[in-house]
Amino acid sequence: MIRVVLPANLRTLARIRGEVQLTLQGPATQRAVLDALEAGYPMLRGTIRDHATQQRRAFLRFFACKMDLSLESPDAPLPDAVVNGTEPFRIVGAMAGG
Amino acid sequence: MSEIRVLVGTRKGAFILTSDGERGKWDVSGPHFAGWEIYHLKGSPADPNRLYASQTSGWFGQVMQRSNDGGKTWEPVGNKFAYDGVPGTHQWYDGTQHPWEFKRVWHLEPSLTDPDMVYAGVEDAALFRSADGGQTWQELAALREAKGHLWAPGAGGMGLHTIVLDPGNPARMYVAISAAGVFRTDDAGATWRPANRGLRSQHELPDSDAEVGHCVHRIAMHPSRPNVLFMQKHWDVMRSDDGGDSWQEISGNLPTDFGFPIDVHPHEPDTVFVVPIKSDSEHFPPDGKLRVYRSRTGGNEWEALTKGLPQRDCYVNVLRDAMSVDSLDPCGVYFGTTGGQVYASASAGDSWTPIVRDLPAVLSVEVQTLS
């Protein structure tokens, strides 16, 4: 079971309270997590990664286990602590700055 | 008894303001979609409880929302805007050609007859249509064949911001694009041609009479006279009496002919409203006085409407989609400001009252007259 934490705006959009819990069939990767998330919550399609290119949107980041995984391959294995549910996979909106 | 519903899009959410036909007391609901930019929301003329909204964000991209109950509840619908085929390129700042890239939906125009059909004007400039209530979107790609390779974004982005449907001819429609101009189709979008003859942009273009490249801010039509169009251009207020084949300037005695919105009285096709703004670099009213100008002669002769509007120290802007009219008699006129005020006049502009004063910056105002 993988735990996913979404930014507040996406929780509101998808009418999610708290974390999302996902069970994956194959290897646990960023792509597999996002595929499962979008399958369960179709309104999130296009809001985390581009519809066509599947690239992460520029001002979102993926954090887990105190690491920034945003630049990792989408097919790289996720950390064991994420796979076993000890740590959440966090989708984070970048700071606006200013 | 009539009811008025005002749909307000802001930088941080949508608000819905309702009143009875007296238009004296208003209820405010919202923010809907709090924290998101709501570029535009608009109701279907064929089913006023069917609303569409463009919800967008620099972080999360484009979301489309639909309501079937007049904005009480909403559901996300399709947000995939894929340019048709190979997107091609347009002119870029450095003189090179740049690929079309979808950024956001600026404007929504529901069909006059079918609640499930709605048009969307997007940045980078293109026109999309949904025939299934917003679930899926298809581009009317022939528009970009109207010299699209010559279109170039202005500082505000290359957005298709105006869609005008001809109520007497379902095959004819007009669109306007920032820094590209007006385009018309007479075959329901199968082909398009520029409709900019008579526009002059001596400060903005090397060829002031160019076929495309004019920064049109807004066009408006009265439904009883669809061949007559009014335009607020970057500079100049213009009029066409031949469906956009040619344009004549009608700025007349306006204090400045720069501005964004323009609208037409619902019962008087020659009564037009604009909000003069000082200049392209100073986006606020001249002399700190917020004044709507009304022409009852189809242009050239304008009167300032000031009663109830701030006449000192006012430095807000009124954006292109932020003015609308109701169809009561006397007609109501409404506009929103970047300072978060929505002003209403229940007397065709003779006097004004703020409905709300402290919203986020207002991006769009649409009005529905409900019976």
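**View 1. The surroundings of B:Ile219 in the predicted model**. Leaving out residues up to four places away in sequence, B:Ile219 touches B:Thr162, B:Val164, B:Tyr174, B:Ala176, B:Val182, B:Leu229, B:Phe230 and B:Met231 (contact here is C-beta atoms, placed from the backbone, within 7 Å). A quick note on the model: it is predicted, so local features need pLDDT of at least 70 and side-chain atom pairs count only at pLDDT 80 or more, while totals for chains, interfaces and linings use all residues. Residues are numbered from 1 along each chain as its sequence is written, with chains lettered from A and ligands numbered from 1 in the order in which they are written.

**View 2. An open sheet in chain B**. Four strands line up as S14-S15-S16-S17, with antiparallel pairing; strands are DSSP E runs of at least two residues, numbered from the N terminus, and two of them pair if DSSP finds at least two bridges between them. At the edges sit S14 (160-165) and S17 (193-194) of chain B, each pairing on one side only. Strand S16 (residues 181-185) of chain B is joined to S17(B) by 2 bridges, and B:Arg184 stands opposite B:Arg193 in S17(B).

**View 3. Where chain A meets chain B**. Here 13 residues of chain A are in contact with 13 residues of chain B. Helix H1 (residues 8-14) of chain A gives the largest share of the chain A side, 3 residues (helices are DSSP H or I runs of at least four residues). That side of chain A divides into 7 nonpolar, 5 polar and 1 charged; Ala, Val, Leu, Ile, Met, Phe, Trp, Tyr, Cys and Pro count as nonpolar, Asp, Glu, Lys and Arg as charged, and the others, Gly among them, as polar.

**View 4. Chain A by itself**. Chain A has 3 helices and 5 strands, in the sequence pattern β-α-β-α-β-β-α-β. Its C-alpha atoms fill a box of roughly 35 × 30 × 25 Å along the principal axes. Buried residues make up 22% of the 98 in chain A.

Methods. Two residues are in contact if their C-beta atoms, placed from the backbone, lie within 7 Å. A residue is buried if 20 or more other C-beta atoms lie within 10 Å of its own, exposed if 12 or fewer, and partly exposed in between; C-beta atoms are placed from the backbone.
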